[in-house]
Amino acid sequence: MVLRGKAHVFGDDVNTDYIISGKYKFKTLDMDELARHCMEDLDPDFVNKVRPGDFIVAGGNFGCGSSREQAPLVIKHAGVAAVLARSFARIFFRNAINKGLPVVECDTSGIREGDELEVDLGAGRVANLTRGTVLEMIPLPPVMMDILREGGLAAYLRKHGGFRL
Amino acid sequence: MGLTIAEKIFSAHLGREVRAGELVVVEVDFMMGQDGTSPLAIRAFEEMGGRRVRDPSRVALVIDHSAPSPLEGVSNLHAMMRRFAAEQGVGLYDVGCGVCHCLLPEQGHVVPGDIVVGADSHTTTYGAINAFSTGVGSTDLAAAMLSGSLWFKVPESIRLELRGTLGPGVYSKDVALYLAGRLTADGATYLAVEYGGEVVSSLSVEARFTISNMAVEMGAKAGLMEADDKVMGWLSGRTSRAPRPASPDPDASYREVLEFDLSDLGPQVAVPHRVDDVRPVEEVEGTPVQEAVIGTCTNGRLEDLEEAARILAGRRVSPEVRLVVAPASRQVLLRAMEKGIIQRLVEAGAALVTPGCGPCVGTHNGVPADGENVISTANRNFKGRMGNAKAFIYLASPATVAASAVAGKITDPRRML
């Protein structure tokens with residue numbers, strides 16, 4: 001799976017309330033509606049700037065806070081193709097994979113706003129086309145790679161009937 | 001090399017010795033969803049082709065985050081939960097029963113040695129009674145409801161030895177905040193935290209829940225304590241399930257062992273907008289507050305209301321402050337009524353709301369205005385957490401919140417003991 005798009009850069013400790021505020025998420029299961037508020041408290045203009053296939057790039061502990069699966073879902077519904085971060089909070093990390101949103105652990109410190117990136121999930125590499133650099137990603141455990149390949153846990157379980165480690 | 005509590009619990013479930021780093025599929029003893037996460041879990045369950053929940057007796061759905069419903073959209077999601085619970089025969093705790101993390105142990109659903117998942121990050125709470133309990137998303141909850149099991153990576157552990165004796169006016173919440181400040185918001189990511197030492201032994205089981213509840217604020221997967229006599233005593237009469245306590249081996253292997261002497265610790269306050277930005281109360285004393293909140297899964301238990309009432313007895317909440325009190329469960333509310341605690345709180349000027357999450361998540365029950373300061377016993381103070389990104393949230397113990405509500409500004413509770 002090779003993805004190509006622009007970087008939208010955020011800092012450390014982006015929590016799930018910033019990704020989608022509790023005041024919206026309890027009201028509806030319409031993720032397109034919720035996606036209009038994605039990252040609103042950090043950058044109210046984010047949803048207007050982001051183009052389908054772009055990336056969210058962040059520092060450490062991305063997705064800390066609540067277990068709300070609405071967080072990876074609104075990111076996906078906002079058109080984001082993958083989230084790259086130095087590290088992720090564990091529940092968000094699992095939720096993203098379960099919902100088929102690629103999450104990439106790598107050294108994001110050299111990526112700047114608007115950089116053109118090429119993410120090769122199979123090869124485990126991120127190419128920063130703007131800066132001519134290549135980053136190695138921390139590989140996913142095979143079970144997570146399989147879930148991601150199926151597009152999420154629901155499709156994975158329909159296919160396999162259970163977990164295969 | 002010996003095993004940690006987490007390794008012991010996973011090993012016992014699998015019938016073979018497993019160590020940190022191993023990927024395993026294990027039976028889950030109990031699972032829970034709340035009204036912010038269950039609707040997506042029900043949808044995922046259907047997407048998986050699920051027809052029947054594997055073992056309905058191991059599932060509870062709790063309506064606590066927006067209860068009673070403030071909006072028609074929420075009402076329809078609640079109705080979806082009630083329908084699913086009735087069709088599948090799973091337990092439902094409806095409006096007014098209380099917060100999931102108070103209810104599950106109180107109602108005897110969790111015992112030492114269990115593996116529990118909850119579609120709520122603060123599921124780490126039951127680590128205080130020696131259960132490996134962790135937060136998951138809705139899809140993982142759906143998978144667990146469908147198959148009865150889930151995959152995990154057995155986590156490495158970090159051991160925190162809490163030494164000394166807590167001084168007057170200093171509570172388990174101050175310890176939880178202090179540790180979040182010291183370890184930071186991602187200091188325990190992917191790790192199980194094991195708490196030990198004489199501070200833990202000295203605390204009541206209720207007070208211990210507060211510490212395990214906030215383990216996730218350091219990124220932890222679980223916040224485990226041992227099942228001592230206090231835990232076994234607390235459980236008696238609550239559950240018919242057999243506990244399987246897990247103690248760490250003396251030579252267990254930890255990522256790190258940290259010791260903290262807490263004898264000189266004073267009341268702590270987390271300041272906006274980070275849970276790990278924690279200061280001694282002296283540094284923020286005098287900050288005006290317009291709203292004060294006592295309740296939540298962190299500090300809405302009987303002892304918490306009792307501490308607040310002790311400070312509020314014979315005093316009045318400042319006319320500049322709204323004090324909102326949300327007991328963590330119906331049982332807590334009933335006991336607090338019997339003991340005259342509610343009488344004292346309401347006489348002092350508190351507004352009592354339905355047992356549940358109260359205003360913590362910004363859905364109802366006290367959304368602050370632009371520019372206002374809130375002091376709360378909750379576990380998170382992120383910008384926008386309480387429904388207004390232009391408000392500022394401070395986190396503290398029930399005693400500090402009560403004292404601050406009286407004074408109209410952040411106040412060291414030791415002045416009012």
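The crossing of H12(B) and H15(B) is right-handed, where right-handed means that the near helix is turned clockwise from the far one by less than a right angle, and left-handed means anticlockwise. The model is predicted, so to speak of a local feature takes a pLDDT of at least 70 and side-chain atom pairs count only at pLDDT 80 or more, while totals for chains, interfaces and linings use all residues. Residues are numbered from 1 along each chain as its sequence is written, and chains are lettered from A and ligands numbered from 1 in the order in which they are written.

**H12 and H15 of chain B**
- Helix H12 covers residues 302-312 and helix H15 covers residues 398-407 of chain B, and they pack at an angle of about 30 degrees with their axes 8 Å apart.
- Helices here are DSSP runs of H or I with at least four residues, strands are runs of E with at least two, and both are numbered from the N terminus.
- Axes are lines fitted to C-alpha atoms, for helices over the stretch in contact, and angles run from 0 to 180 degrees between N-to-C directions.
- On the H12(B) side, Asp304(B), Glu307(B), Ala308(B), Ile311(B) and Leu312(B) meet residues of H15(B), including Pro398(B), Val401(B) and Val406(B).
- This contact splits into 9 nonpolar, no polar and 2 charged residues; Ala, Val, Leu, Ile, Met, Phe, Trp, Tyr, Cys and Pro count as nonpolar, Asp, Glu, Lys and Arg as charged, and the others, Gly among them, as polar.

**A look at Ala308(B)**
- Ala308(B) sits in helix H12 of chain B and counts as buried because it has 31 C-beta neighbours inside 10 Å.
- Buried takes 20 or more other C-beta atoms within 10 Å of a residue's own, exposed takes 12 or fewer, partly exposed is in between, and C-beta atoms are placed from the backbone.
- Leaving out residues up to four places away in sequence, Ala308(B) touches Ile294(B), Leu345(B), Pro398(B), Ala399(B), Val401(B) and Ala402(B); a contact needs C-beta atoms, placed from the backbone, within 7 Å.
- Ile341(B) is 33 residues from Ala308(B) in sequence, yet their C-alpha atoms are 8.8 Å apart.

**H2 and H5 of chain B**
- Helix H2 (residues 38-47) and helix H5 (residues 138-147) of chain B pack at about 55 degrees, with their axes 8 Å apart.
- That angle makes H2(B) oblique to H5(B), since under 35 degrees counts as roughly parallel, over 145 as roughly antiparallel, 65 to 115 as roughly perpendicular and the rest as oblique.
- The crossing of H2(B) and H5(B) is right-handed, and its contact residues divide into 8 nonpolar, 2 polar and no charged.

**Chain B as a whole**
- Chain B has 15 helices and 18 strands, and 63% of its 417 residues count as buried.

**Chain A and where it meets chain B**
- Chain A has 8 helices and 7 strands, and 51% of its 165 residues are buried.
- The contact between the chains takes 38 residues from chain A and 45 residues from chain B.
- On the side of chain A that touches chain B, H6(A) gives the most, with 5 residues.
- That side of chain A divides into 13 nonpolar, 13 polar and 12 charged residues.

Conventions: Two residues are in contact if their C-beta atoms, placed from the backbone, lie within 7 Å.
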